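Let's take a look at this model together.

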Amino acid sequence: MDFSIVLVGLSLYILIWEKLPDWGTWFNYLIERLPAPLAYLYQAWRCPYCFGFWVALLLHYLTGSHTVLELHNMADEFGVLGQSLAIFLDALAAALLIMLGKLSLSAISGPAIVGYEKTLAFKQAKD
């Protein structure tokens with residue numbers, strides 16, 4: 001397995017939905033002024049699986065990379081239909097891994113934040 005598409009897709013997801021909205025007002029200003037169809041896509045693709053599927057398709061076409069390397073050979077065996085099916089299946093697998101990555105980051109961020117806050121409280125109490 002090649003995790004490059006998954007890593008880039010997860011990074012883009014975190015940037016677009018978790019970081020940019022908090023980096024000042026410019027991004028939120030742009031989102032509020034999007035045409036209705038694009039604003040709908042921004043809200044609908046908040047799901048990491050949905051976003052992961054579409055970004056994996058885009059990244060596959062831009063880079064030619066595959067998440068599941070064995071799917072690369074389907075084009076040789078089954079022609080254009082095999083290639084299309086391989087890209088579709090690869091995007092599904094990448095989307096699942098992107099969603100799993102997002103869920104994993106969310107799961108470990110809670111205890112990490114609590115630990116950090118307790119450390120700060122301990123240091124402040126000591127001073």
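## Cysteines and a helix pair

C50 is partly exposed, with 32% relative accessible area (partly exposed lies between buried, under 20%, and exposed, over 50%, using a 1.4 Å probe and protein chains only). C47 is partly exposed too, at 30% relative accessibility.

Before going further, note that this is a predicted model: local features need pLDDT of at least 70, side-chain atom pairs count only at pLDDT 80 or more, and totals for chains, interfaces and linings use all residues. Residues are numbered from 1 along each chain as its sequence is written, and side-chain values use heavy atoms, leaving out hydrogens and water.

| Cysteine | Relative accessible area |
|---|---|
| C47 | 30% |
| C50 | 32% |

Now for the helices (DSSP runs of H or I, at least four residues, numbered from the N terminus). Helix α1 covers residues 4–19 and helix α4 residues 48–63; they pack at about 125 degrees, with axes 9 Å apart. Axes here are lines fitted to C-alpha atoms over the stretch in contact, and angles run from 0 to 180 degrees between N-to-C directions.

Where do they touch? On the α1 side, the residues include I5, L12 and W17, and on the α4 side F51, V55 and L59 are among them; contact means heavy atoms within 4.5 Å.

Conventions:
Helices (H or I, at least four residues) and strands (E, at least two) are DSSP runs, numbered from the N terminus.
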